[in-house]
Structure formats: C-alpha cells, structure tokens
Amino acid sequence: MKLSIVIPVYNEEESLPRLLERIDAVTQANGYTTEIVLIDDGSTDTSWQVITELRQKYPGVIGIRFRRNFGKAAALQTGFEHVSGDFVMTMDADLQDDPAEIPRFLEKMAEGFDVVSGWKKIRHDPWHKVGPSRVFNKMVSGLTGVSLHDHNCGMKCYRAEVLKEVHLYGELHRFIPVLAASRGFRVSEIVVTHHAREFGVSKYGFSRFLKGFLDLLSVKFVTSFGQRPNHFLGGFGVVLFGLGVGFVLLAWLFSLFCMAGCLGNALWPMWLCGRVEILGFLAMILGGQGLGCGLVAELVTRSHQNPTASNCSIREILEKVE
C-alpha cells in the first residue's frame, strides 16, 4: 500500500517543519510508503523556501508552487493530479489536524469505504466560526442526503479512483464527499482530534459561509441534474408555461362572464381580467425561455463532458528526491 498526503499551504512557514516531523513519525512507525505533496498557494512568506528545505530532509516530498493564490480547491485538484498512492489523505498545514489520526482513517477505509471524512466533534475555534459551521453542515446533509457532521473538515481520506472521477473548481473542496457519493462511492466519517491553532491566523472569514451556500446550490444542481439540466430548467419552464396558459384562459372566461352582464356595469372586473392576462402571457414567455435554456444547457453538457482546462497556473514543481 502506498499513501499520498496532499497539503495546501498558504503562509504556513512556522508550522510546516513540525507538521512533516509528525507525519514522518506516524508513517515510519506504521511502515507506510508515503509521498507528501505540498502545494504553495501563492504564499507571501517564506513557505516555499521551507518546502525546498524540507524536500531535502524528507525524500518523499513533492513541492508545487503557484504563481498566485488560487484557492484551496485549485491546490487540492493540482495535488490530486500529482499523486501516485493507492490512498490519498488531505489535511491542513496549520497543525490543527493531527497526523496521528492517519492509521484510523486507513482502518476505516479497510471496511470497504471509498471516502472517509473527519469529524471535529470537539473544536478549538471561536464561537462565530463553530456556530455557522454547524448550521451549514446540517444544510448540506439535509439538501444532499450525504449525512456528515463536518463537511468542512480538511482531514479526509480517499481511494485513488475517487479522485479520478471528481474534478474540483471554485470552492467545491468541502463537497468532495457529496460529489463522490453522487458517483456511487461509499462515504463514512470518524471523529478526529482537533487542536487549537498555534501559528498564524485563520484564512477564512464570514464570507466563506455565503460562498459555501452558493456552492451548495451549485453542487445540488450538478449532482441532481448535471447530466440532465433540461429536467430542471425545462421542468420549471413547463410549469410556468402551464400556469400562464391557465391564467389566460381564466381571464378570458371571466371576461366573457363580465360581458354577459352578470356583474352589471362595474369596470373593475374588466380591469382585473386585463391584469391577469398580462401576468399569464408573462408566465408563458418566461416558461418558454426556461425550456429553451434547458435545451441549450443539454447541448452544452453533451459537448463538454471532459473539461481539461486548468484552474490554476503552476510556477515551479520540485519532484521527489530519489
């Protein structure tokens, strides 16, 4: 068995030496054949210099340097493209994830799971991060049907074949288990130890929850209608078009009723019929547009099944020291 560990790095010059020391101790004690992929996501400190030095000390280290900060999803995707292990671990570089948990992840994988996600049951983060995160996790579990307590946990383990079928962009890294489950892979979780931050500051603010919600909507659409967008857009269009036809017919019948003199000489019934007809025609137009968008989306989906464009720019790669 060969284990690959992918670690995005952004201004973590102080924590990197201690992190790799702990990883090396665990892998040596358990006899794992290990490679570590460190992706410098546009750090402005000396993180790249530290990675270069650590590569000399630990032969299994691969260093990848971005030209600027492209985000965690891009860093992970790039790391996944450079691994060769049978199992792939991901973890953060800030020492809040504990490398001592690695054997427990692999033991859970041995039960037949394809993805194992960490659950920071006891967190050492400020309340304004913990509270919204718990609400977000419940939303993700409820909307996607993939019940995990901690979708945001950076410590996860995957079989290599999972990462060949899941392509990341934007900020979809927290939804890899959801994307994997939509492909039929088995997903589970284990409780992991979470440490308080020792160095630096958190890279995430409140804005990540808004972005996370928008990404959640994207993931729900992609996993449910990614290969059949017309079922969503076209269905929405058909419903609107049907309502529009109904409004127009209702207004027409009501106007006949009014012209028959059943309501006397009152003007408001005819005024109301005009407004209902306008609403009906508007719904029919929007419905037709929705159906048309659905058909166009079907054509785009069929024409771009395997996008290969990279979502980052690599400045430098340091291969493993043999």
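## Serine 188 and its surroundings

In this predicted model, serine 188 is in contact with Lys108, Phe113, Val115, Val116, Ser117 and Leu148, leaving aside its neighbours within four places in sequence. The residue belongs to strand β7.

## Helix α4

One of the contacts of serine 188 is Lys108, which is also among the buried residues of helix α4. That helix spans residues 102-109, and because 6 of its 8 residues are buried, α4 is largely enclosed by the rest of the structure. The buried residues are Ile102, Pro103, Phe105, Leu106, Lys108 and Met109.

Several elements pack against these buried residues of α4: the strands β1, β4 (87-90), β5 (115-119), β6 and β7 (187-191), together with helix α1.

Helix α2 covers residues 47-57, and its buried residues are Ser47, Trp48, Val50, Ile51, Leu54 and Arg55. In general, an α-helix has 3.6 residues a turn, so residues three or four places apart point the same way. Gln56 and Lys57, on the other side of α2, are exposed.

The cover over the buried residues of α2 includes the strands β1 (2-9), β2 (33-40), β3 (61-66) and β8 (314-318), as well as helix α1 (16-30).

## Aspartate 40

Aspartate 40 is located in strand β2, one of the elements that cover the buried residues of α2. With a relative accessibility of 2%, aspartate 40 counts as buried. Beyond its neighbours within four places in sequence, aspartate 40 is in contact with Val9, Ser47, Trp48, Ile51, Ile64, Arg65 and Phe66. Ser47, Trp48 and Ile51 in this set are buried residues of α2.

Aspartate 40 and isoleucine 314 are 274 residues apart along the chain, and their C-alpha atoms are separated by 9.7 Å.

## Aromatic pairs

The count of aromatic pairs in the model is 3. One of them joins phenylalanine 80 and tyrosine 158 in an edge-to-face arrangement, with 6.1 Å centre to centre and 70° between the planes. This pair links distant parts of the chain, since phenylalanine 80 is in helix α3 and tyrosine 158 is in strand β6, 78 residues apart. Phenylalanine 80 and tyrosine 158 are both buried.

Another pair, formed by phenylalanine 136 and phenylalanine 175, is tilted, with 6.0 Å centre to centre and 55° between the planes. Phenylalanine 136 is in helix α5 (residues 127-144), whereas phenylalanine 175 is in the loop between α6 (160-163) and α7 (176-182); the pair therefore ties together parts that are 39 residues apart in sequence. Phenylalanine 136 and phenylalanine 175 are buried as well.

The structure contains 2 cavities of 30 Å³ or more, and the largest cavity holds about 70 Å³ of space. Its lining consists of Lys72, Leu76, Thr90, His151, Asn152, Cys153, Gly154, Lys156, Tyr158, His173, Arg174 and Ile176. Two or more residues of this lining are given by each of α3 (72-80) and β6 (156-159).

By residue type, the lining of the largest cavity divides into 4 nonpolar, 5 polar and 3 charged residues. Tyr158, a lining residue, is also a member of the edge-to-face pair with phenylalanine 80.

## Serine 147, an exposed loop residue

Serine 147 is found in the loop between α5 and β6. This residue is exposed, with a relative accessible area of 59%. Apart from its neighbours within four places in sequence, serine 147 is in contact with Ser141 and Glu189. The C-alpha atoms of serine 147 and valine 187 are separated by 9.1 Å, and the two residues are 40 residues apart along the chain.

## Overall organisation

The protein has 10 helices and 8 strands. Of its 322 residues, 45% are buried. Among contacts between residues at least 6 apart in sequence, 83% join residues at least 24 apart.

How values were computed
Residues are numbered from 1 along each chain as its sequence is written. This is a predicted model: local features need pLDDT of at least 70, side-chain atom pairs count only at pLDDT 80 or more; totals for chains, interfaces and linings use all residues. Side-chain values use heavy atoms; hydrogens and water are left out. Buried means under 20% relative accessible area, exposed over 50%, partly exposed in between (1.4 Å probe, protein chains only). Helices (H or I, at least four residues) and strands (E, at least two) are DSSP runs, numbered from the N terminus. Contact means heavy atoms within 4.5 Å. On a 1 Å grid over the protein atoms alone, a cavity is a set of points where a 1.4 Å probe fits but cannot get out, and a pocket is an open set with protein on both sides within 12 Å along at least five of seven lines; lining residues have an atom within 4 Å of a point. Grid points are joined across faces, edges and corners, and a volume is the space filled by probe spheres set on the points. Ala, Val, Leu, Ile, Met, Phe, Trp, Tyr, Cys and Pro count as nonpolar, Asp, Glu, Lys and Arg as charged, and the others, Gly among them, as polar. Rings of Phe, Tyr and Trp (its six-membered ring) pair if their centres lie within 6.5 Å; planes under 30 degrees apart count as stacked, over 60 as edge-to-face and the rest as tilted.
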